[in-house]
Amino acid sequence: MSLYDDQLKKAFDPESFRVEGHKVVDQLADFLASSTPGMRPRVLKYEDPEAMLKSWAGRFGPAPLTSFPDLLGEVLDRSNNLLHPRFIGHQCTTSLPLAALGGLAGQFLNNGTAIYEMGPVNVAMERLLARWMTGLAGWGPDADGVFTSGGSIGNLTALLAARQAAAEGNVWVRGVGSEAPAAVLVPESCHYSVKRAVAIMGFGEEAVAPVAVDDLFHARPDDFGRAFDEAVKRGRRPIALVANACSTATGGYDDLKAAADFSRSRGLWLHVDGAHGAGALLSPKYRHLLRGLDKADSFIWDAHKNLLMPALITAVLFRDGGRSYEAFSEKASYLFEKGAREEWYNFAHRTMECTKTMMGLRLFISLAAYGTDFFAGYVTAMFDLARDFAALLRESGDFEPAVEPESNIVCFRYLKRGEGDLDGLQRRVRRALLESGRFYIVQADLRGHVWLRTTLINPRTTLADLKALLDEIRAITMKP
Ligand SMILES: Cc1ncc(COP(=O)(O)O)c(C=O)c1O
(Lines give C-alpha, C1' and ligand atoms only; values in the text may rest on other atoms or scores of the structure.)
Protein backbone atom coordinates (compact mmCIF):
# COMPACT_ATOMS: atom_id res chain seq x y z
CA MET A 1 0.00 0.00 0.00
CA SER A 2 1.34 3.46 -0.90
CA LEU A 3 1.82 6.14 1.73
CA TYR A 4 -1.16 7.98 0.22
CA ASP A 5 -3.42 4.91 0.57
CA ASP A 6 -2.19 4.39 4.08
CA GLN A 7 -2.90 8.00 5.07
CA LEU A 8 -6.29 8.00 3.35
CA LYS A 9 -7.35 4.98 5.34
CA LYS A 10 -6.27 6.66 8.56
CA ALA A 11 -7.86 10.02 7.66
CA PHE A 12 -11.33 8.51 7.30
CA ASP A 13 -11.03 5.77 9.86
CA PRO A 14 -13.89 6.17 12.36
CA GLU A 15 -11.86 4.72 15.23
CA SER A 16 -8.91 7.09 14.65
CA PHE A 17 -11.39 9.96 14.54
CA ARG A 18 -13.00 8.83 17.77
CA VAL A 19 -9.67 8.53 19.60
CA GLU A 20 -8.31 11.83 18.27
CA GLY A 21 -11.63 13.55 18.88
CA HIS A 22 -11.75 12.43 22.50
CA LYS A 23 -8.20 13.65 23.02
CA VAL A 24 -9.06 17.02 21.52
CA VAL A 25 -12.25 17.45 23.54
CA ASP A 26 -10.36 16.45 26.69
CA GLN A 27 -7.73 19.10 25.95
CA LEU A 28 -10.39 21.73 25.35
CA ALA A 29 -12.26 20.79 28.53
CA ASP A 30 -9.01 21.02 30.54
CA PHE A 31 -8.33 24.39 28.96
CA LEU A 32 -11.79 25.59 29.97
CA ALA A 33 -11.31 24.32 33.51
CA SER A 34 -7.96 26.06 33.81
CA SER A 35 -9.15 29.37 32.36
CA THR A 36 -9.28 31.14 35.71
CA PRO A 37 -7.03 33.91 37.06
CA GLY A 38 -5.67 31.44 39.66
CA MET A 39 -4.73 28.69 37.23
CA ARG A 40 -3.83 30.78 34.20
CA PRO A 41 -2.73 34.25 35.23
CA ARG A 42 -2.49 35.29 31.58
CA VAL A 43 -5.26 35.93 29.08
CA LEU A 44 -2.69 36.33 26.32
CA LYS A 45 1.01 35.63 26.06
CA TYR A 46 1.84 38.55 23.87
CA GLU A 47 4.51 37.88 21.28
CA ASP A 48 5.95 40.15 18.66
CA PRO A 49 4.18 39.48 15.29
CA GLU A 50 7.46 38.68 13.51
CA ALA A 51 8.52 36.24 16.22
CA MET A 52 5.10 34.56 16.07
CA LEU A 53 5.36 34.22 12.30
CA LYS A 54 8.85 32.79 12.47
CA SER A 55 7.90 30.23 15.08
CA TRP A 56 5.20 28.69 12.85
CA ALA A 57 7.24 28.67 9.67
CA GLY A 58 8.29 25.24 8.41
CA ARG A 59 5.78 23.42 10.58
CA PHE A 60 4.20 21.57 7.66
CA GLY A 61 5.70 20.01 4.58
CA PRO A 62 5.22 17.16 2.12
CA ALA A 63 5.31 14.52 4.85
CA PRO A 64 3.36 14.43 8.17
CA LEU A 65 5.13 16.34 10.96
CA THR A 66 2.84 16.77 13.96
CA SER A 67 -0.43 15.31 15.19
CA PHE A 68 -3.32 17.66 15.87
CA PRO A 69 -3.52 16.99 19.63
CA ASP A 70 0.21 17.78 19.82
CA LEU A 71 -0.23 21.03 17.95
CA LEU A 72 -3.40 21.98 19.82
CA GLY A 73 -1.63 22.37 23.17
CA GLU A 74 0.59 25.04 21.67
CA VAL A 75 -2.30 26.70 19.83
CA LEU A 76 -4.25 27.01 23.07
CA ASP A 77 -1.28 28.25 25.01
CA ARG A 78 -0.32 30.97 22.55
CA SER A 79 -3.79 32.20 21.53
CA ASN A 80 -5.90 34.95 23.05
CA ASN A 81 -8.04 33.18 25.67
CA LEU A 82 -11.59 34.43 25.25
CA LEU A 83 -12.81 31.91 27.81
CA HIS A 84 -10.82 33.67 30.51
CA PRO A 85 -12.85 35.97 32.82
CA ARG A 86 -10.22 38.65 32.33
CA PHE A 87 -10.72 38.82 28.58
CA ILE A 88 -12.70 42.06 28.53
CA GLY A 89 -11.45 43.73 25.36
CA HIS A 90 -13.10 43.56 21.97
CA GLN A 91 -16.70 42.61 21.34
CA CYS A 92 -15.84 39.04 20.39
CA THR A 93 -17.56 36.80 22.85
CA THR A 94 -16.38 33.73 24.66
CA SER A 95 -17.94 30.75 22.88
CA LEU A 96 -20.62 28.82 24.63
CA PRO A 97 -18.83 25.45 24.71
CA LEU A 98 -21.90 23.67 23.38
CA ALA A 99 -22.05 26.04 20.40
CA ALA A 100 -18.42 25.18 19.63
CA LEU A 101 -19.46 21.52 19.54
CA GLY A 102 -22.24 22.56 17.19
CA GLY A 103 -19.54 24.16 15.06
CA LEU A 104 -17.66 20.89 14.99
CA ALA A 105 -20.79 19.03 13.88
CA GLY A 106 -21.51 21.71 11.27
CA GLN A 107 -18.00 21.49 9.90
CA PHE A 108 -18.14 17.73 9.91
CA LEU A 109 -21.33 17.80 7.84
CA ASN A 110 -20.10 20.76 5.80
CA ASN A 111 -23.51 21.48 4.28
CA GLY A 112 -23.14 24.60 2.20
CA THR A 113 -26.60 26.21 2.55
CA ALA A 114 -26.44 28.39 -0.57
CA ILE A 115 -29.54 26.55 -1.68
CA TYR A 116 -31.95 24.35 0.23
CA GLU A 117 -30.83 21.03 -1.12
CA MET A 118 -27.24 21.71 -0.04
CA GLY A 119 -28.13 22.12 3.63
CA PRO A 120 -31.80 21.42 4.30
CA VAL A 121 -31.71 21.24 8.11
CA ASN A 122 -29.66 24.38 8.54
CA VAL A 123 -31.84 26.28 6.06
CA ALA A 124 -34.97 25.50 8.09
CA MET A 125 -33.20 26.44 11.32
CA GLU A 126 -32.04 29.79 9.93
CA ARG A 127 -35.52 30.60 8.69
CA LEU A 128 -36.97 29.94 12.16
CA LEU A 129 -34.21 31.90 13.89
CA ALA A 130 -34.76 34.88 11.61
CA ARG A 131 -38.50 34.77 12.35
CA TRP A 132 -37.78 34.56 16.08
CA MET A 133 -35.57 37.63 15.86
CA THR A 134 -38.03 39.66 13.78
CA GLY A 135 -40.75 38.72 16.29
CA LEU A 136 -38.59 40.13 19.10
CA ALA A 137 -38.24 43.33 17.07
CA GLY A 138 -42.03 43.65 17.02
CA TRP A 139 -42.33 42.99 13.30
CA GLY A 140 -45.24 41.14 11.68
CA PRO A 141 -45.54 38.05 9.49
CA ASP A 142 -44.13 39.79 6.39
CA ALA A 143 -40.74 40.20 8.04
CA ASP A 144 -37.89 37.95 7.04
CA GLY A 145 -34.13 37.73 7.05
CA VAL A 146 -31.03 35.75 6.23
CA PHE A 147 -27.77 34.87 7.92
CA THR A 148 -24.44 36.12 6.65
CA SER A 149 -20.77 36.17 7.60
CA GLY A 150 -20.37 39.10 9.97
CA GLY A 151 -21.80 42.49 10.76
CA SER A 152 -19.81 44.27 8.06
CA ILE A 153 -21.38 42.17 5.31
CA GLY A 154 -24.68 42.44 7.17
CA ASN A 155 -24.65 46.24 7.02
CA LEU A 156 -23.69 46.12 3.34
CA THR A 157 -26.50 43.66 2.56
CA ALA A 158 -29.14 45.83 4.24
CA LEU A 159 -27.89 48.99 2.55
CA LEU A 160 -27.84 47.28 -0.86
CA ALA A 161 -31.55 46.61 -0.38
CA ALA A 162 -32.03 50.26 0.67
CA ARG A 163 -30.20 51.33 -2.49
CA GLN A 164 -32.57 49.37 -4.69
CA ALA A 165 -35.64 50.51 -2.74
CA ALA A 166 -34.75 54.14 -3.45
CA ALA A 167 -33.77 53.61 -7.09
CA GLU A 168 -35.95 54.49 -10.02
CA GLY A 169 -34.78 51.60 -12.17
CA ASN A 170 -32.92 48.36 -11.60
CA VAL A 171 -29.71 49.66 -10.09
CA TRP A 172 -28.19 46.19 -10.10
CA VAL A 173 -28.48 46.03 -13.88
CA ARG A 174 -27.99 49.66 -14.78
CA GLY A 175 -25.43 50.66 -12.13
CA VAL A 176 -25.32 53.61 -9.76
CA GLY A 177 -24.33 56.01 -12.54
CA SER A 178 -27.86 55.83 -13.93
CA GLU A 179 -29.34 57.52 -10.83
CA ALA A 180 -28.84 60.92 -9.18
CA PRO A 181 -25.93 60.60 -6.72
CA ALA A 182 -27.16 59.24 -3.40
CA ALA A 183 -26.35 60.07 0.22
CA VAL A 184 -26.68 58.05 3.42
CA LEU A 185 -27.07 59.78 6.79
CA VAL A 186 -24.52 58.18 9.11
CA PRO A 187 -23.98 59.18 12.76
CA GLU A 188 -20.34 59.92 13.58
CA SER A 189 -20.47 57.08 16.13
CA CYS A 190 -21.24 54.38 13.52
CA HIS A 191 -18.95 51.43 12.99
CA TYR A 192 -16.61 51.94 10.04
CA SER A 193 -18.29 49.14 8.11
CA VAL A 194 -21.24 51.46 7.44
CA LYS A 195 -19.09 54.04 5.67
CA ARG A 196 -17.26 51.25 3.90
CA ALA A 197 -20.59 49.84 2.67
CA VAL A 198 -21.53 53.25 1.24
CA ALA A 199 -18.24 53.37 -0.66
CA ILE A 200 -18.49 49.73 -1.82
CA MET A 201 -21.95 50.47 -3.23
CA GLY A 202 -20.32 52.90 -5.62
CA PHE A 203 -21.70 56.09 -4.08
CA GLY A 204 -18.24 57.26 -3.00
CA GLU A 205 -17.22 58.24 0.50
CA GLU A 206 -18.64 61.68 -0.16
CA ALA A 207 -22.09 60.10 -0.04
CA VAL A 208 -21.74 59.77 3.72
CA ALA A 209 -23.72 62.61 5.29
CA PRO A 210 -22.39 62.72 8.87
CA VAL A 211 -24.88 63.20 11.69
CA ALA A 212 -23.45 64.89 14.79
CA VAL A 213 -23.49 63.12 18.15
CA ASP A 214 -24.24 64.56 21.59
CA ASP A 215 -22.01 64.47 24.68
CA LEU A 216 -23.04 60.88 25.29
CA PHE A 217 -22.22 59.87 21.68
CA HIS A 218 -25.85 59.42 20.60
CA ALA A 219 -26.88 60.56 17.12
CA ARG A 220 -28.51 63.96 17.58
CA PRO A 221 -32.08 63.86 16.22
CA ASP A 222 -31.95 67.65 15.91
CA ASP A 223 -29.09 67.20 13.42
CA PHE A 224 -30.93 64.83 11.06
CA GLY A 225 -32.55 67.72 9.17
CA ARG A 226 -29.25 69.62 8.80
CA ALA A 227 -27.44 66.50 7.53
CA PHE A 228 -30.25 65.85 5.07
CA ASP A 229 -30.42 69.44 3.77
CA GLU A 230 -26.65 69.70 3.48
CA ALA A 231 -26.51 66.52 1.40
CA VAL A 232 -29.22 67.90 -0.89
CA LYS A 233 -27.29 71.18 -1.19
CA ARG A 234 -24.27 69.12 -2.31
CA GLY A 235 -26.41 67.70 -5.12
CA ARG A 236 -27.03 64.41 -3.35
CA ARG A 237 -30.24 62.41 -2.96
CA PRO A 238 -30.52 61.07 0.62
CA ILE A 239 -31.80 57.50 0.57
CA ALA A 240 -31.21 56.10 4.06
CA LEU A 241 -30.47 56.85 7.68
CA VAL A 242 -28.41 54.49 9.83
CA ALA A 243 -28.85 54.38 13.62
CA ASN A 244 -26.83 52.55 16.27
CA ALA A 245 -28.19 50.02 18.71
CA CYS A 246 -25.64 50.20 20.10
CA SER A 247 -22.54 52.08 18.95
CA THR A 248 -19.16 50.38 18.93
CA ALA A 249 -16.97 52.71 20.96
CA THR A 250 -19.19 53.51 23.93
CA GLY A 251 -22.14 51.14 23.51
CA GLY A 252 -24.79 53.87 23.40
CA TYR A 253 -28.25 53.38 21.87
CA ASP A 254 -29.53 56.03 19.46
CA ASP A 255 -33.08 57.27 19.77
CA LEU A 256 -34.65 54.84 17.30
CA LYS A 257 -38.10 56.37 17.60
CA ALA A 258 -36.80 59.78 16.58
CA ALA A 259 -34.77 58.17 13.78
CA ALA A 260 -37.88 56.33 12.56
CA ASP A 261 -40.07 59.45 12.67
CA PHE A 262 -37.49 61.43 10.72
CA SER A 263 -36.98 58.65 8.17
CA ARG A 264 -40.71 58.36 7.56
CA SER A 265 -41.12 62.12 7.18
CA ARG A 266 -38.36 62.26 4.50
CA GLY A 267 -38.95 58.95 2.77
CA LEU A 268 -35.64 57.44 3.99
CA TRP A 269 -34.90 53.79 4.64
CA LEU A 270 -34.02 53.33 8.31
CA HIS A 271 -31.32 50.75 8.93
CA VAL A 272 -30.39 49.94 12.53
CA ASP A 273 -26.95 48.55 13.24
CA GLY A 274 -27.76 46.22 16.11
CA ALA A 275 -24.67 44.08 15.55
CA HIS A 276 -23.63 44.43 19.15
CA GLY A 277 -26.71 45.68 20.98
CA ALA A 278 -29.71 43.87 19.50
CA GLY A 279 -29.22 41.18 22.15
CA ALA A 280 -30.99 43.55 24.55
CA LEU A 281 -34.24 42.58 22.78
CA LEU A 282 -34.10 39.42 24.88
CA SER A 283 -33.87 41.20 28.21
CA PRO A 284 -37.12 42.39 29.82
CA LYS A 285 -34.99 44.86 31.79
CA TYR A 286 -33.15 46.39 28.84
CA ARG A 287 -35.29 45.88 25.75
CA HIS A 288 -36.66 49.42 26.13
CA LEU A 289 -33.30 50.59 24.73
CA LEU A 290 -34.50 49.44 21.30
CA ARG A 291 -37.86 51.24 21.42
CA GLY A 292 -38.68 52.34 17.89
CA LEU A 293 -36.96 49.39 16.21
CA ASP A 294 -40.37 48.14 15.10
CA LYS A 295 -40.53 51.11 12.70
CA ALA A 296 -37.13 50.45 11.11
CA ASP A 297 -36.80 48.91 7.64
CA SER A 298 -33.86 46.67 8.47
CA PHE A 299 -31.49 45.76 11.27
CA ILE A 300 -28.57 43.43 11.85
CA TRP A 301 -27.81 41.29 14.88
CA ASP A 302 -24.48 39.54 15.48
CA ALA A 303 -24.88 36.38 17.52
CA HIS A 304 -21.06 36.29 17.80
CA LYS A 305 -21.17 39.44 19.90
CA ASN A 306 -23.84 39.39 22.60
CA LEU A 307 -25.22 35.88 22.18
CA LEU A 308 -22.22 33.78 23.16
CA MET A 309 -21.82 32.30 19.67
CA PRO A 310 -18.57 31.43 17.92
CA ALA A 311 -17.93 33.77 14.96
CA LEU A 312 -19.46 34.41 12.54
CA ILE A 313 -23.28 34.48 12.79
CA THR A 314 -25.01 37.64 11.61
CA ALA A 315 -28.72 38.00 10.97
CA VAL A 316 -29.82 40.63 8.41
CA LEU A 317 -33.48 41.30 9.03
CA PHE A 318 -36.09 43.16 6.97
CA ARG A 319 -39.50 44.43 8.11
CA ASP A 320 -40.76 43.80 4.60
CA GLY A 321 -39.18 40.45 3.80
CA GLY A 322 -39.69 41.01 0.08
CA ARG A 323 -37.02 43.70 0.21
CA SER A 324 -34.42 41.11 1.15
CA TYR A 325 -34.56 39.84 -2.44
CA GLU A 326 -33.46 43.20 -3.79
CA ALA A 327 -29.96 43.39 -2.34
CA PHE A 328 -28.50 41.03 -4.94
CA SER A 329 -30.43 40.47 -8.10
CA GLU A 330 -27.97 38.85 -10.37
CA LYS A 331 -29.13 35.88 -12.38
CA ALA A 332 -27.53 32.61 -11.38
CA SER A 333 -29.51 30.31 -13.59
CA TYR A 334 -27.50 27.25 -12.75
CA LEU A 335 -28.64 27.57 -9.14
CA PHE A 336 -32.18 28.85 -9.49
CA GLU A 337 -34.82 27.63 -11.81
CA LYS A 338 -36.66 30.29 -13.78
CA GLY A 339 -39.34 32.05 -11.77
CA ALA A 340 -37.99 30.76 -8.49
CA ARG A 341 -36.87 34.10 -7.06
CA GLU A 342 -39.21 34.14 -4.12
CA GLU A 343 -38.17 30.75 -2.87
CA TRP A 344 -37.25 31.61 0.69
CA TYR A 345 -35.24 28.43 1.08
CA ASN A 346 -32.62 29.22 -1.56
CA PHE A 347 -30.65 31.74 0.50
CA ALA A 348 -28.06 32.57 -2.16
CA HIS A 349 -30.65 34.89 -3.74
CA ARG A 350 -30.22 37.10 -0.72
CA THR A 351 -26.69 36.72 0.60
CA MET A 352 -23.31 37.88 -0.53
CA GLU A 353 -21.92 34.38 -0.07
CA CYS A 354 -22.68 31.39 -2.19
CA THR A 355 -21.33 28.66 0.08
CA LYS A 356 -21.87 29.52 3.76
CA THR A 357 -21.09 27.68 6.96
CA MET A 358 -23.96 26.11 8.90
CA MET A 359 -24.20 29.14 11.14
CA GLY A 360 -27.83 28.72 12.16
CA LEU A 361 -27.07 25.28 13.54
CA ARG A 362 -24.84 26.61 16.32
CA LEU A 363 -27.42 29.11 17.55
CA PHE A 364 -30.39 26.79 17.13
CA ILE A 365 -28.90 23.92 19.14
CA SER A 366 -27.85 26.38 21.86
CA LEU A 367 -31.33 27.86 22.15
CA ALA A 368 -32.80 24.37 22.12
CA ALA A 369 -30.48 23.11 24.85
CA TYR A 370 -30.51 26.11 27.20
CA GLY A 371 -33.73 27.96 26.33
CA THR A 372 -34.08 31.60 25.35
CA ASP A 373 -34.42 32.67 29.02
CA PHE A 374 -30.81 31.65 29.60
CA PHE A 375 -29.67 34.11 26.94
CA ALA A 376 -31.99 36.79 28.32
CA GLY A 377 -30.38 36.23 31.72
CA TYR A 378 -26.92 36.50 30.20
CA VAL A 379 -27.59 39.82 28.48
CA THR A 380 -29.19 41.26 31.62
CA ALA A 381 -26.28 40.10 33.80
CA MET A 382 -23.65 41.63 31.49
CA PHE A 383 -25.48 44.95 31.22
CA ASP A 384 -25.93 44.99 35.01
CA LEU A 385 -22.22 44.26 35.51
CA ALA A 386 -21.32 47.24 33.31
CA ARG A 387 -23.40 49.50 35.54
CA ASP A 388 -21.77 48.07 38.66
CA PHE A 389 -18.35 48.62 37.10
CA ALA A 390 -19.19 52.25 36.31
CA ALA A 391 -20.28 52.75 39.93
CA LEU A 392 -16.98 51.22 41.09
CA LEU A 393 -15.06 53.61 38.83
CA ARG A 394 -16.98 56.64 40.09
CA GLU A 395 -16.50 55.67 43.72
CA SER A 396 -12.80 54.91 43.29
CA GLY A 397 -11.73 58.55 43.34
CA ASP A 398 -8.92 57.89 40.84
CA PHE A 399 -10.84 56.56 37.82
CA GLU A 400 -13.69 58.02 35.76
CA PRO A 401 -16.10 56.43 33.29
CA ALA A 402 -16.45 58.23 29.95
CA VAL A 403 -20.24 57.91 30.02
CA GLU A 404 -22.80 55.95 31.98
CA PRO A 405 -22.84 52.57 30.24
CA GLU A 406 -26.04 51.66 28.44
CA SER A 407 -24.90 48.23 27.28
CA ASN A 408 -21.94 46.11 28.41
CA ILE A 409 -19.26 48.42 26.97
CA VAL A 410 -17.47 50.61 29.51
CA CYS A 411 -14.88 53.25 28.63
CA PHE A 412 -12.89 54.84 31.41
CA ARG A 413 -9.56 56.37 32.28
CA TYR A 414 -7.12 56.47 35.11
CA LEU A 415 -6.66 59.88 36.72
CA LYS A 416 -3.32 59.36 38.35
CA ARG A 417 -2.59 62.18 40.74
CA GLY A 418 0.10 64.55 39.48
CA GLU A 419 0.10 63.05 35.95
CA GLY A 420 0.28 65.79 33.29
CA ASP A 421 -0.13 63.61 30.19
CA LEU A 422 -3.29 61.62 30.83
CA ASP A 423 -3.55 60.39 27.23
CA GLY A 424 0.01 59.08 27.33
CA LEU A 425 -0.77 57.41 30.65
CA GLN A 426 -3.77 55.48 29.23
CA ARG A 427 -1.66 54.38 26.24
CA ARG A 428 1.10 53.14 28.53
CA VAL A 429 -1.41 51.30 30.72
CA ARG A 430 -3.03 49.58 27.77
CA ARG A 431 0.36 48.56 26.33
CA ALA A 432 1.59 47.27 29.68
CA LEU A 433 -1.59 45.22 30.14
CA LEU A 434 -1.20 43.74 26.65
CA GLU A 435 2.38 42.78 27.37
CA SER A 436 1.74 41.41 30.85
CA GLY A 437 -1.25 39.52 29.45
CA ARG A 438 -3.02 39.56 32.79
CA PHE A 439 -6.06 41.38 31.36
CA TYR A 440 -7.07 42.01 27.79
CA ILE A 441 -8.60 45.45 27.28
CA VAL A 442 -8.52 47.89 24.36
CA GLN A 443 -8.65 51.66 23.94
CA ALA A 444 -10.79 54.26 22.18
CA ASP A 445 -10.40 57.88 21.16
CA LEU A 446 -13.26 59.91 22.60
CA ARG A 447 -13.64 63.69 22.77
CA GLY A 448 -10.10 63.98 21.42
CA HIS A 449 -8.62 61.93 24.26
CA VAL A 450 -7.53 58.36 24.87
CA TRP A 451 -9.75 56.14 27.03
CA LEU A 452 -9.44 52.56 28.12
CA ARG A 453 -12.25 50.42 26.77
CA THR A 454 -13.74 47.18 28.06
CA THR A 455 -16.55 44.96 26.83
CA LEU A 456 -17.99 42.78 29.58
CA ILE A 457 -19.01 39.91 27.36
CA ASN A 458 -17.73 36.90 29.24
CA PRO A 459 -20.38 35.56 31.65
CA ARG A 460 -17.63 34.37 33.98
CA THR A 461 -16.26 37.88 34.52
CA THR A 462 -17.14 39.23 37.98
CA LEU A 463 -16.89 42.55 39.75
CA ALA A 464 -13.91 41.08 41.63
CA ASP A 465 -12.07 40.73 38.29
CA LEU A 466 -12.82 44.38 37.53
CA LYS A 467 -11.58 45.48 40.98
CA ALA A 468 -8.41 43.48 40.27
CA LEU A 469 -8.08 45.33 36.95
CA LEU A 470 -8.10 48.71 38.68
CA ASP A 471 -5.51 47.49 41.19
CA GLU A 472 -3.37 46.18 38.35
CA ILE A 473 -3.53 49.54 36.58
CA ARG A 474 -2.54 51.37 39.77
CA ALA A 475 0.36 48.95 40.24
CA ILE A 476 1.55 49.28 36.63
CA THR A 477 1.75 53.02 36.89
CA MET A 478 3.73 52.85 40.12
CA LYS A 479 6.57 51.16 38.25
CA PRO A 480 9.27 53.55 37.06
C1 LIG B 1 -21.85 48.25 15.78
C2 LIG B 1 -21.04 47.32 14.92
N3 LIG B 1 -21.44 47.08 13.66
C4 LIG B 1 -20.75 46.26 12.84
C5 LIG B 1 -19.61 45.63 13.27
C6 LIG B 1 -18.86 44.71 12.33
O7 LIG B 1 -19.11 43.39 12.67
P8 LIG B 1 -18.15 42.19 12.18
O9 LIG B 1 -16.87 42.34 12.92
O10 LIG B 1 -18.92 40.96 12.52
O11 LIG B 1 -17.98 42.35 10.70
C12 LIG B 1 -19.15 45.86 14.58
C13 LIG B 1 -17.91 45.21 15.06
O14 LIG B 1 -17.39 45.48 16.09
C15 LIG B 1 -19.89 46.73 15.41
O16 LIG B 1 -19.50 46.98 16.65
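## Helix H13

At 1.5 Å a residue, the twelve residues of helix H13 (residues 359–370) should span 16 Å, and the end C-alpha atoms of H13 are 18 Å apart, which agrees. The expected span is 1.5 Å times one less than the number of residues in the helix. Helices (H or I, at least four residues) and strands (E, at least two) are DSSP runs, numbered from the N terminus. This is a predicted model: local features need pLDDT of at least 70, side-chain atom pairs count only at pLDDT 80 or more, and totals for chains, interfaces and linings use all residues. Residues are numbered from 1 along each chain as its sequence is written, and side-chain values use heavy atoms, with hydrogens and water left out.

Met359, Gly360, Leu361, Arg362, Leu363, Ser366 and Leu367 are the buried residues of H13. Buried means under 20% relative accessible area, exposed over 50%, partly exposed in between (1.4 Å probe, protein chains only). The cover over these residues includes helix H5 (97–109), helix H6 (120–136) and strand S1 (144–148). It also includes helix H12 (303–306), strand S7 (314–318) and helix H14 (372–396). Contact here means heavy atoms within 4.5 Å. Gly371 follows H13, and its phi is positive, near 85°.

## The ligand site

The ligand has 14 residues around it, and Gly151, Ser152, Thr248, Asp273 and His304 come nearest. A residue is near if one of its heavy atoms lies within 4 Å. By class, this shell has two nonpolar, nine polar and three charged residues. Ala, Val, Leu, Ile, Met, Phe, Trp, Tyr, Cys and Pro count as nonpolar, Asp, Glu, Lys and Arg as charged, and the others, Gly among them, as polar. Helix H7 (151–166) and H12 each supply at least two shell residues. H7 gives the most, with three residues.

A polar side-chain atom of Gln91 lies 3.1 Å from a ligand oxygen atom. For Thr248, a polar side-chain atom is 2.8 Å from an oxygen atom of the ligand. In the side chain of Asp273, an N or O atom is 2.7 Å from a ligand nitrogen atom. Taken alone the ligand exposes 390 Å², and the protein buries 85% of that. These areas come from the Shrake-Rupley method with a 1.4 Å probe; for residues, only the protein chains shown count as cover.

Helix H4 (residues 68–78) has Pro69, Leu72, Leu76 and Arg78 buried. Helix H2 (14–34) and helix H3 (49–56) are among the elements that cover them. Glu74 is also in H4. At 25% relative accessibility, Glu74 is partly exposed. The side chains of Glu74 and Arg78 are joined by a polar contact of 2.7 Å. A polar contact is a pair of N or O atoms within 3.5 Å; within protein, one must be able to donate a hydrogen and the other to accept it, and residues adjacent in sequence count only if both atoms are side-chain atoms. Beyond its neighbours within four places in sequence, Glu74 is in contact with Trp56 and Arg59.

Thr380 sits in helix H14. Thr380 is buried, with a relative accessible area of 15%. Its side chain joins that of Ser283 in a polar contact of 2.7 Å. Leaving aside neighbours within four places in sequence, Thr380 is in contact with Ser283, Lys285 and Tyr286.

## Two loop asparagines

Asn346 lies in the loop between S7 and H13. It is buried, at 8% relative accessible area. A polar contact of 2.5 Å links the side chains of Asn346 and Glu343.

Asn170 is in the loop between H7 and helix H8 (171–174). Its relative accessible area is 33%, so Asn170 is partly exposed. A polar atom of the Asn170 side chain lies 3.0 Å from the backbone nitrogen of Trp172. Asn170 and Leu363 are 193 residues apart in sequence and 35 Å apart in space, C-alpha to C-alpha.

## Backbone geometry

Two cis peptide bonds lie in loops. Ala245 and Cys246 are joined by one, with omega about 10°. Cys246 is in the loop between strand S4 (237–244) and helix H11 (256–266). The Ala311 to Leu312 bond is also cis, with omega near -5°. Leu312 lies between H12 and S7, in the loop.

Asn110 is not a glycine, yet has a positive phi of about 55°. Thr113 has a positive phi near 70°. Asn110 is exposed at 60% relative accessibility, whereas Thr113 is buried at 0%.
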